[in-house]
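Please read the points below with the model open beside you, and check each one against the residues it names.

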Amino acid sequence: MGSASSSSCTASGAPNSSSTAARILIVGLLVSRSSAPIVRPRRALHCGRVSADVLIGVYPPAELSVLHARRTTPAWPLAEAGLTLTHLGRGAVWLALRALGLRGGSRLAMPAYHCGSEVEAAHLAGLEVEFYRVDDQLRVDEDDLARVAAVTDAVYLISCFGFPTVARPSGSRVIEDAAHGLFSLHAGTPVGAGAEAAVFCPRKSLGTPDGGAVVVPAGRQIDVSEGRAPVRPMARSVASLVAARAAIARRRQLRARAARAIARMSRGDAAAREGTLTETVIGEWNLEVGDMEAAARAPSRLTAAVLGRVDGAAIRARRRRNYLRLRDELAELTLEPFRDLAEGTCPLYFPLLAGDRSRAIAALLARGVRPLEIWPVPHPILDRRRFPEPERARLSLLALPVHQALEDWHMDIVLAAVKDVLAKPSA
Ligand SMILES: Cc1ncc(COP(=O)(O)O)c(C=O)c1O
């Protein structure tokens with residue numbers, strides 16, 4: 001499955017050649033076990049550009065030590081009877097639509113602010129998508145949602161960046177997309193629990209080479225796709241994740257080598273430096289049904305093994321600590337709903353508003369922080385003139401890292417880089 005599969009491998013800046021990948025894998029394995037004292041990063045010149053001797057990405061790197069952990073009962077939803085693991089998140093969306101019996105001609109309510117790949121799944125399934133309004137702070141208009149829910153067969157809700165979404169409209173069947181919300185709680189209940197189907201994307205929050213998941217109530221049948229994720233792209237993805245681990249290691253020399261290797265090989269980072277990130281990374285529309293079936297296959301064995309061993313409560317606690325660190329200093333630079341971190345929320349990243357986002361991303365990258373553009377382009381079936389309010393967010397929001405592999409000294413670097421970039425608009 002061409003683009004969908006390769007995206008999972010380049011999401012964290014995957015190297016493009018297998019031999020380089022193997023070298024990085026070895027360096028990364030050595031580094032990920034190192035416990036040398038912390039050495040603060042120093043800027044170094046590389047390829048004529050300023051680059052730091054660290055690279056802190058938004059998604060977590062590989063944490064292979066988890067494989068030595070004893071299997072415990074994992075946090076919800078990873079031990080649910082109704083759980084099906086998939087290769088990618090969109091594959092989980094695909095299975096969720098199928099589980100609800102939604103097929104060609106069915107009508108589905110979806111939010112006007114979205115990632116795009118969930119809409120692509122619905123579109124490819126032949127559904128008629130009716131969008132509901134989301135305001136300029138990314139809040140769902142509940143009246144508009146109720147209006148659209150009344151004329152559709154099911155409702156699709158999205159938990160943005162791990163924050164809980166609105167209450168489910170009564171009388172509607174609901175798919176809850178918690179691709180950003182693994183281990184998030186809302187009033188003590190896991191986000192996604194109780195929906196007719198809930199979708200997750202563990203690869204975004206756990207440093208696995210792939211992985212989506214769909215949960216349906218126990219007893220409901222899910223029609224899974226045959227087969228497993230392809231081996232080669234998964235090997236490249238693992239190498240990339242191990243390199244990413246090396247690039248945040250405590251030992252400066254190895255960290256710097258990994259950061260330089262990634263800087264040389266990542267197409268996404270090259271595009272970020274050139275200011276062409278949106279065009280380079282976005283645009284996984286025009287997929288085919290076969291791509292969705294492939295995305296709905298079982299994940300790699302490594303992903304399945306990791307998912308049985310992660311500590312959801314510890315991950316949530318660390319992410320919250322890192323988020324609050326940024327929030328305390330940058331609150332006015334995020335949208336209103338993301339200024340408070342309610343008890344139990346497990347954030348995927350910190351959404352920051354940047355006036356000139358491309359410049360900010362390039363400048364942060366030069367300082368060792370690799371942000372992401374957040375959902376810059378909606379799915380082409382959305383009439384953007386009818387739903388103009390989220391446009392500012394599409395243009396300005398970038399994601400800052402808060403993941404569980406980051407310690408306080410990493411967050412010092414992130415915060416210092418952001419302050420430096422904001423203080424020097426032309427840097
Ligand atoms: C809200 C949401 N749902 C679903 C997906 C699909 O996940 P994947 O890219 O693993 O297919 C994404 C991906 O970014 C997403 O942000």
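1. The model is a predicted one, and its protein chain has an average pLDDT of 89, with 87% of the residues scoring at least 70. Residues 1–24, however, have a pLDDT below 50, although this stretch makes 55 contacts in the model beyond near neighbours in sequence. The pLDDT is also below 50 over residues 26–50, a stretch with 46 such contacts.

2. The largest nonpolar core contains 101 residues, and within this core Leu97, Tyr113 and Phe161 are the ones that touch the most other members. Helix α16, which spans residues 408–423, is the greatest contributor to this core, giving eight residues. As general background, nonpolar side chains in soluble globular proteins tend to be buried together.

3. What does phenylalanine 161 contact, once its neighbours within four places in sequence are left aside? The partners of phenylalanine 161 include Tyr113, Leu138, His180 and Phe338, then Cys346, Pro347, Leu348, Tyr349 and Pro351, and also Ile374 and Leu397.

4. Helix α3, covering residues 89–99, is largely enclosed by the rest of the structure, because 10 of its 11 residues are buried. The buried residues of α3 include Gly89, Arg90 and Trp94, as well as Leu97, which is also named among the residues touching the most other members of the largest nonpolar core. Just after α3 comes glycine 101, which adopts a positive phi of about 70 degrees.

Note on methods. Residues numbered from 1 in each chain as written. Predicted model: local features only at pLDDT ≥ 70, side-chain atom pairs only at ≥ 80, totals over all residues. Heavy atoms only, no water. Core = buried A, V, L, I, M, F, W, Y, C linked by side-chain atoms within 4.5 Å. Buried < 20%, exposed > 50% of the residue type's maximum accessible area, 1.4 Å probe, protein only. Helix = DSSP H or I, 4+ residues; strand = E, 2+ residues; numbered from the N terminus. Contact = heavy atoms within 4.5 Å. pLDDT = per-residue confidence, 0-100.
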